[in-house]
Amino acid sequence: MGGPPGKNKRGSSKFSMNRDPFFSNSKRRKKDEDEVIESEEEELDGGMLNGGGESGEEEEEEELEPEETAEEKRQRIAKELVENLRKREKELEDEEDEEGERVFEKEGERDSFVAKKLMQQQLEDSGRLRRAIASRIQKPESVDGFEILVKHRQSVTAICLSDDDSKGFSASKDGTILHWDVDSGKAERYQWPNEEILRSHGSKNPEGRATKHSRNVLALSVSTDGRYLASGGLDRHVHLWDTRTREHIQAFPGHKGPVSCLTFRQGSSELFSGSFDRSIKIWNVEDRAYMNTLFGHQSEVLAIDCLWQERVLAVGRDRSMQLFKVHDESRLIFRSSTSSLECCCFIDNSEFLSGSDDGNIALWGMQKKKPVYIVKNAHALSTDVNNGELKDRGRNYNGHIASSWVSSVGVCRGSDLAASGAGNGSVHLWAIEGAVKGIRPLYDLPLIGFVNSLALAKSGKFLVAGVGQEPRLGRWGHNSAARNGVAIQRLKLL
């Protein structure tokens, strides 16, 4: 007679419907068995290859360990920085202990000293504390003038320094981009890829009358971490390079005019590009993506600068300086009486410096829409230049002689030291004393040629200048006595 459902004649539930192979997931079971067999084979192979060492499962576990997150990386770097400072202070303490000058009685005193040093460094980096370097600069001797560190075939249009001041980058009108060491001057050249590779990296044919993929470079900027170098020029593209391999990795199209200026936001992967099309575009170099476009200038944008905050300072030929607050989607407009502002840079978050084509250098503040201090005719023509070193010295543009234009300004970040350059045969050093006292002249450093770009080391120990026989953006002046290249001036501090 038949028994209960699901029971066989022997009365056991061994062959119940739930355990019947027909109703079970045989494919899944077979897959699991296959996976187990594969892992056993890998373990056997791993043991044979490693001579009876660690098993393949342990190797897989090591490979599956989670990667370090961004927060963990920041914590690790911060701990390493604190430990390095502690070791440095310990070494100084040991040295001075022998001389009997200073001794930390407790470990807590050393930690408090390290904390104060870190706080001071953070304030300096953020621009809230200004270092007094200008008063410590010794007067350069005549024999210790500028020396050519790197040579270029044509006029240098842009230079920039890495965040640690050990490496430098320069570009010229013939499209040459060089990566050089500050101490030795040893240079390595970046190779432009062919048209097919450029197209695969995002390059497009420029609109209008621009020469197809013209190699004329007008702007350079390096990221804070030193991984990326950005270049821009007449081909209306922003090109991204890997500084470790010196290879081209991306081309950003979008501008309808030559890219005249570039800057990275410090401590981030945001890149800002200014163009003759009167716009400023924002890019993310990590994601290789376009982010936004800023409008406001009524003429060509000639120079931009940015610090840690999402604020971009830009000047142009519309006689205005504009501060774009990217996060707030607002801007401040500062008016100038000159025909064109040629260059600008941040001194800190609340003060800026600019140079114009009438030879003036202006100090600006957040509270006023006009300059708080002006140095008029800062780069007057010297008699030596006027007496034959300059060809076509009478040629002018917008009513001003091209050689007297203030074509470049630079600031030692977080300090009161500034520099300016023109085509009059010298670079000027200035002390920024604030809105009340203004700008005080320090020293004149002789340098023949058009100083198209300037960069001051963070330590204030040297100044590099991009020099050429012609101005950066044109050929309305020429100085045949100038040497195209990067010149360096060593500065001695008290």
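Two strands count as paired if DSSP finds at least two bridges between them. Strands themselves are DSSP runs (E, at least two residues), numbered from the N terminus.

## About the model

This is a predicted model, where local features need pLDDT of at least 70, side-chain atom pairs count only at pLDDT 80 or more, and totals for chains, interfaces and linings use all residues. Residues are numbered from 1 along each chain as its sequence is written, and side-chain values use heavy atoms, leaving out hydrogens and water.

## A four-strand sheet

Let's start with an open sheet: four strands in the order β1-β30-β29-β28, with antiparallel pairing. β1 and β28 (450–456) sit at the edges with a single partner strand each, so one side of each has no neighbour in the sheet. From one strand to the next, the twist averages 30° (axes are lines fitted to C-alpha atoms, and angles run from 0 to 180 degrees between N-to-C directions).

## Walking across the strands

Strand β1 (residues 147–151) pairs with β30 over four bridges, and K151 stands opposite G485 in β30. Strand β30 (residues 485–490) has five of its six residues buried, meaning under 20% relative accessible area with a 1.4 Å probe, protein chains only.

On we go: β29 (residues 462–468) joins β30 through six bridges, with A465 opposite A487. Six bridges also link β28 to β29, where L454 has A465 as its bridge partner.

## A look at E351

E351 belongs to strand β19 (residues 351–356). E351 is buried, at 13% relative accessible area. Leaving aside residues up to four places away in sequence, E351 touches R130, F346, W364, I432, G434 and A435 (contact means heavy atoms within 4.5 Å).

Key:
Buried < 20%, exposed > 50% of the residue type's maximum accessible area, 1.4 Å probe, protein only.
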